[in-house]
Every structure is written in structure tokens, then in C-alpha cells.
Amino acid sequence: MTDETPWLTRDQLRAWMKLVAVMELLPAALDQQLQRDADLTHFDYMVVAMLSETESRTLRMSALAAATNASLPRLSHVVSRLEKRGLVTRCPSADDRRATDVQLTDDGFAAIVAAAPDHVRTARRFVIDALSDEQVRQLDGITRALLGRLDPEGRFAALTYPRSDGEVLCEERLTGASPAAPAGVLFRDATADDTGLLRHATLAAMNWKASSFVDADLDRPEFAHYFDGFDPARDHGVVAVDGEGPVGVAWVRFLPADDPGYGFVAEDVPELTMAVEPRGRGRGIGTALLARLLDAGRAAGWPGVSLSVEDGNTGARITYERAGFRTVGRNGDSDTMLVRS
């Protein structure tokens, strides 16, 4: 009988054993520093840090689980412990009574302000400063490839964190630093000539999880109205462009009650669609597009912006919740979300 086990080569085994050693030693080093200096575990720190990055210091439990790469049972246990210490509070979501929100208290924010500097120094000491800039870029690519196998559906937030080039991260807020704009990316308003781009982006948004739809499906009325007849005099869109061409687009359409979109709220509330090309993901382009579009809506006096997000699309949901969107309805296996201007 032939042994078909794909044994590792000597080089592969050498690399694998080093990775195993890092997985054993690094968590212990991070926990040791945080417990000594801040009475927090590393996971405690991640929970508090993710809450501190939202404008309201509040996230739904499901979104917080994704942001911290955790299961809901593990997160619930840790939140209970942090709640007893007065660092967070829990309450039923005002938008969906089935869901629970977690909010950072003033004491919790004070804890992250105190803990962040030493934690960043520790991360630098054991990882970042041990690598060249090129090795950091390689590390990003290597971990992205591994997460593609470990988390193929993108349930966790690591692939899209940090989520914005215009959004200030926790550590940057504490030091007053400002994040840079997306490198090599320019933004322009969408025009009537962008109908083909919007059609392509609509298909990409529909196929966020898998290639379930093909271009011919876009001729169906319930999909075509997202791009067909786009009129910049009434609708609005923002296109992100890099050296290879359009890399992402976000746009809204005012749809009538007799031809509503999946995220329809009212005729005077436009519905949002957004898509970013694979080469642009993880660069903060989506959040930058969203921020520019919402700014345009406020300037134009829209009462709000709505959208539809399917169950399981956690990365998108986190981006929307961070921008202020809240669930206001349900349509099949999707939530209808709204942000008011």
C-alpha cells in the first residue's frame, strides 16, 4: 500500500516549526505585558479597542465578534467579565430588539487610553521592529493568504482592518496622528458615462460571497434599476481610481415606491450600492468612498441613505455600522439599514 501522505519537505518543515513557535510565544508575550501593566488580557484589549474606534463607542455583539475575530460564546464570556469591572455595558439594540449592543464606558475608554502606548511598544518590539518594511509587506501578504484558507467566507475583520484611510484608528486618536489617504488612489464623481462601471459593480456586490449571478441576470428589472439610467443630476456616485483604472465605486439611486430596491425606505431616501475590486480591498477604499458619498448627501440635504446587507456579510456590516448605519427593517435574508443625515 502506497503512503500518499503529503509529507513536508525539510524547508517546509523548518518554516512550519518556526510558525508554531511564534503562535505559542507571541500570545503569551502580549498577554504578559497587558496583564502586568493594565490588568487586561490581549483579547480584553482587542474588545475595548474595537469599541473605542466607533463614534458612539458601541457595536452590536455580532459586529464586535467579527472585529475581534472571536466566536460569540467567547465574546459573551469576556464582555461579562469586562461588564463586572465597569468597562463596558450591554443593552438590547434600539434598532433590533433581537440583538445586543455593547457600549464602552468612560472607565473603559480611560483603560484603553492608558493601555495603548505600552501595547503598541510591545507589538513593535516583538514583531514590527524585527522586520524591514519589505518584510512587513510580505507578512501582510502571507497572513492574508493563510486567512483565505482559515476564513474563506471572510467572517472575521482582519482582512479589512484598518478599515479606512480617512478613519482615525484608536492608537492614532490617542497620539493625535492622522492616517494617510489611500496611496495612489484618486476620487471623482460618477457620470452618466459610468453606467457600464455601475453595472459591473452591481454584479460584484451581488456576488460578494460567491459567483452566484452572471451578467445576464443584471437585465432583470430588480437589478437593472441600480445602474440603468443613472443620472448625476438626481443620483450621485463616487469612483475611486488607481493606476490600473477604477478600483471601487459607491453610488445612490432614488427609487420609487412602485419599483423599490432591496433596501428601500422611502422615495426621498436614496439607496446605496458599493463595490471594491479585489486589488483594492484592505486599503480603506470602501470606507473612503462611503465617507465621501455621505458627505455629499449631507451637503445636498438628503434625509438619509439606506442600503441592504445580507446575513454573513460581516465585513460590510462593520463598515456600515461604523459610518452610523443602523438596522431599520428586514427583507428576506438581509437587513435594511439606514443612516440619517
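Tutor: What follows looks at one helix and then at some salt bridges. This is a predicted model, in which local features need pLDDT of at least 70 and side-chain atom pairs count only at pLDDT 80 or more, while totals for chains, interfaces and linings use all residues. Residues are numbered from 1 along each chain as its sequence is written, and side-chain values use heavy atoms, with hydrogens and water left out.

Helices (H or I, at least four residues) and strands (E, at least two) are DSSP runs numbered from the N terminus. Helix H4 covers residues 72–84, and its 13 residues reach 18 Å from the first C-alpha to the last, close to the 18 Å expected at 1.5 Å a residue; that expected span is 1.5 Å times one less than the number of residues.

Which residues of H4 are buried? They are Leu75, Val78, Val79 and Leu82, where buried means under 20% relative accessible area, exposed means over 50%, and partly exposed lies in between, with a 1.4 Å probe and protein chains only. After H4 comes Gly86, whose phi is positive, near 80°.

Now to the charged side chains. Side chains of opposite charge can pair when their charged atoms come close. A salt bridge is counted when a side-chain nitrogen of Lys or Arg is within 4 Å of a carboxyl oxygen of Asp or Glu, and the structure holds 22 of them. One of these joins Asp11 and Arg14, at 2.8 Å from N to O, and these two residues are separated by about one helical turn because they are 3 residues apart in helix H1 (residues 10–38). Asp11 is exposed, at 57% relative accessible area, whereas Arg14 is partly exposed, at 41%. Another salt bridge links Asp194 with Arg188, at 2.9 Å from N to O; here Asp194 is buried, with a relative accessible area of 8%, while Arg188 is partly exposed at 33%.
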